[in-house]
There are 2 protein chains.
Amino acid sequence: MVKKSIEILDTTLRDGSQAASISFTLRDKIKTAILLDELGVDYIEGGWPGSNPKDYEFFKEIKNYSLKNAKIAAFGSTRRKGIKPEEDVSLKSILDADTSVAVLFGKTWTLHVKEVLRTTLEDNLQIISDSVQFLRDHGIEVIFDAEHFYQGFKEDKEYALKVVNTAYEAGAKVVALADTNGGTLPHEVLEITRYIAERTKAKLGVHMHNDTGNAVANSLMGVVAGARHVQGTINGIGERTGNADLIQIIPSLLLKMGFKVLRNPDGLKRLKEVSSALYELAGIHPNPYQPYVGDNAFTHKAGVHADAVMKNTRAYEHIDPSIIGNQRKIVISELSGTANLVNYLDRLGLKLEKKEEKLKRALQTIKELEAKGYSFDLAPESALLVVLKELGYYEKLIDMKYWKVINENGLALAVVKVNSRIEAAEGDGPVNAVDNALRRCLVKDFPELESVKLTDYRVVLPGEIKNTESVVRVTIEFTDGKNTWRTEGVSQSVIEASIMALVDGLDYYLQINKKLKPLLTI
Amino acid sequence: MVKKSIEILDTTLRDGSQAASISFTLRDKIKTAILLDELGVDYIEGGWPGSNPKDYEFFKEIKNYSLKNAKIAAFGSTRRKGIKPEEDVSLKSILDADTSVAVLFGKTWTLHVKEVLRTTLEDNLQIISDSVQFLRDHGIEVIFDAEHFYQGFKEDKEYALKVVNTAYEAGAKVVALADTNGGTLPHEVLEITRYIAERTKAKLGVHMHNDTGNAVANSLMGVVAGARHVQGTINGIGERTGNADLIQIIPSLLLKMGFKVLRNPDGLKRLKEVSSALYELAGIHPNPYQPYVGDNAFTHKAGVHADAVMKNTRAYEHIDPSIIGNQRKIVISELSGTANLVNYLDRLGLKLEKKEEKLKRALQTIKELEAKGYSFDLAPESALLVVLKELGYYEKLIDMKYWKVINENGLALAVVKVNSRIEAAEGDGPVNAVDNALRRCLVKDFPELESVKLTDYRVVLPGEIKNTESVVRVTIEFTDGKNTWRTEGVSQSVIEASIMALVDGLDYYLQINKKLKPLLTI
């Protein structure tokens, strides 16, 4: 039998861009649209052409790209009261955006009609009808967003239903029910959406916000109740607590509820990639605990779990991580038994016994370092260096005799002595200067380091104390183009901690390349 | 009529401590328990006494404190197969913990019984019955956690029901249904929990994991279906994607579903405080988008929203933020119209017209700085300094002529010339050294700076590029004991960016104290 399908409308570029501390450049918006098209969403809401010039530019620019799957939609409001649609600025700006689809929002909540719009309930229905009709007459496909729908329903269910049917009869292809202030709970969404679905011919959609932490559940409940169109954003970014996270909704609809979702049949495999790319574009750190795609989503820490996962993955993994482009990780940490260590070393091609005394000692050292502020979950390779030393698989290749940094307004200069070489180098900031000097020392003996690049650099204050006198933990991510690894340094000085992490990172690469195959999971 | 009440069991110290990159010291655990008791939860699951010495220490240490509301519970598994309860290590370790309550977990899923426990279905029921009975005989209140309950139900509903009734008949006070691998969706939880509730006399609880992003919704659906006991963690920390977040569940149960929750009637007001304290103890940055308590949960950015919120708060706020100890924020940002600025300045006692030319210019400057890597959502006070300058309310009080840092292995020394004074100071790290020297210069003219402390210091790489050559954004949070404010610096050098943020932070305090009352919302 043919699977029912759900339309996905992504509003990352419109509602998502209203998130605090997020701001997309035109280039960011184009990149995002292309990623979304490749993922295979049905609609990309590109922005609110009336609201700011950048959004208008986007609609012009995106025409230079031929999208494979998605239609671009312009967002705007119904006409103002007391004027004709053709005189309305908002509706005109939608026409100017020159898209084949428009997302039009209108009022549903009687209180909002009276207090914000300041008109009669009848006039509001006329406004909705006119505005939808006007865009249809210009050959534009209309998705009507019923603003404050669930709040409106609670105060006047018959009026809320009238709004849905008015938009439908005026020619809206979809009527999306919006929980604009995000205050509705899943069981309410189920009941209310069902009530409407049983009383309208309109194709229903849902637009949820996360103010009670239920945006994902509310979207799914809407679908259970009969909605066949879901609006949301990548990673759930958006105003206040954010919108419904499509990254979490799509796999549940597809893998667990049996719907057909995404126009690209291979889109699901790219879920983590798209999520990561959007974090980069938004300039915010990925949430490691994010369902499905987070770095910790399939990470097993507790010894007992790590053991059980080896016996039967279904016990602690609800899906196979590779389906959505994620992967299993077993972390080395305080709670982990030697089972985790054995599993890690196994990947390095080192076969060891769980009972092995040296392993217990390595674990002890790791625990002591964690007490000092290290967090090896974030930088397992620094822990592996500890293990390799304990096990006697380690050979000292980088012996830093000393480092000096001169950091004067503007100029950052570093001198380092490593092994027998002394090198000086400038840099943008002291850490970069040391990095440059360090590489000058090493690259002659270890040309393979040419291919090693830094891909991330983070400074955090571990534990409770948060002031510049406490220790900082620096985590650096490296790549050689094929593999990625992370190392850490902990010190009272940001520079010193950075240097410890730098040296570990280069050292790890050299140790592995000498004797061991790179970690597969990192 | 008397409100029905829901029991809350917090497992932050047990399941929560299994989160990747989280590790609690004994002192952290005691502090957490006291916070939870003050919040008013019914049970605090303190740990797994069998699993590691730290947990055992906790149960001893916590006896020195008299808790007002919560009972301490020890966690452990049912007895191993083929032995008597009194011979079982796990059950003995629960007795050794000497608590009045035990949370005992047992197998529900036939596949798990066969493959992991490797015994018969009948024997598993016997194991459960024995183990519960054994603890009851020692006068211990037993909460039975049915592991993998929802997975088990899907494969053999009758056996899953038998497990519930077996634990109940053996004397368990609560039987908590666990979604151990977090793969169950809200509508499934509703149906399955209802099925059980209609067929057992046991008091039901729920224990949810967040692998599909539905842990909060699943907990609420369990309650809708009849559960009266909810297990979760503060901020949802836990293995993989985490556990159900009590910080999000409690207010929905209390404010939206009308249940009696928390033994402390004023507990709800402390929700944000408890959430923040746990982030500190766990050493992870708070999630600004967290429902209810996040810094952005009641933050309004888009001009249109900011306007509407002023007209009618219910339009974009599902509850009054003060009820849970949070507050409304209007952010200054790229998307914000001058309405936001006016609102901000209003709080500073500066009455201005929306149309004011100077405001438009200030907004222009702010946008230019944001394009360079500033994010004033994170540090509104740096933006306010820009505004005050444009409006002519600014008087130069800190004129830094130059700064020099000598940073040699171990020693960090700074010399600064501010206004007419030159001061040198050492510090832990270059930033702290400059901070100390700067204060030595200023405190003579501005003794009020004595009371200003740094409460947070963060370095991030804004935008896409992530390597030590890109610019970094340093955000510093200050407090004078009453108010909190945040300032920013952006530069290629961590030290320079830090100094920019430091100077802004002290400068802001001086400007405000000279002419203006402190911001209320910050």
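Predicted model: local features only at pLDDT ≥ 70, side-chain atom pairs only at ≥ 80, totals over all residues.
**Entry 1: extent.** I began with the contact residues. I find 104 residues of chain A in contact with 106 residues of chain B. Next I looked up the buried area. Between chain A and chain B it comes to about 9,300 Å². Carbon and sulfur atoms give 53% of that area.

**Entry 2: make-up of the chain A side.** I asked which element of chain A gives the most to the side that touches chain B. It is strand 14 (residues 453–460), with six residues. I then sorted the residues of this side of chain A by class. I get 37 nonpolar, 40 polar and 27 charged.

**Entry 3: polar links.** I searched the interface of chain A and chain B for salt bridges and found zero by the rule. The rule asks for a side-chain nitrogen of Lys or Arg within 4 Å of a carboxyl oxygen of Asp or Glu. Polar contacts do turn up: I note eight residue pairs between chain A and chain B, both residues at pLDDT 80 or more.

**Entry 4: strand pairing.** I followed strand 11 (residues 400–408) of chain A across to chain B. It pairs with strand 11 (residues 400–408) of chain B, antiparallel, over five bridges. I looked up A:Ile406 in particular. Its bridge partner is B:Ile406, in strand 11 of chain B.

**Entry 5: symmetry.** I superposed chain A on chain B. A rotation of 180° does it, with 0.0 Å of shift along the axis and an RMSD of 0.2 Å. The two copies are therefore related as by a two-fold rotation axis. I also checked the surfaces used. Both copies use the same one, as 100% of the contact residues of chain A recur in chain B.

Notes
Residues numbered from 1 in each chain as written. Chains lettered and ligands numbered in written order. Heavy atoms only, no water. Contact = heavy atoms within 4.5 Å. Buried area = accessible area lost by both parts, 1.4 Å probe. Polar contact = N/O pair within 3.5 Å; in protein donor to acceptor, adjacent residues only side chain to side chain. Helix = DSSP H or I, 4+ residues; strand = E, 2+ residues; numbered from the N terminus. Nonpolar A, V, L, I, M, F, W, Y, C, P; charged D, E, K, R; others polar. Pairing = 2+ DSSP bridges. Least-squares fit on C-alpha atoms with pLDDT ≥ 70 in both.
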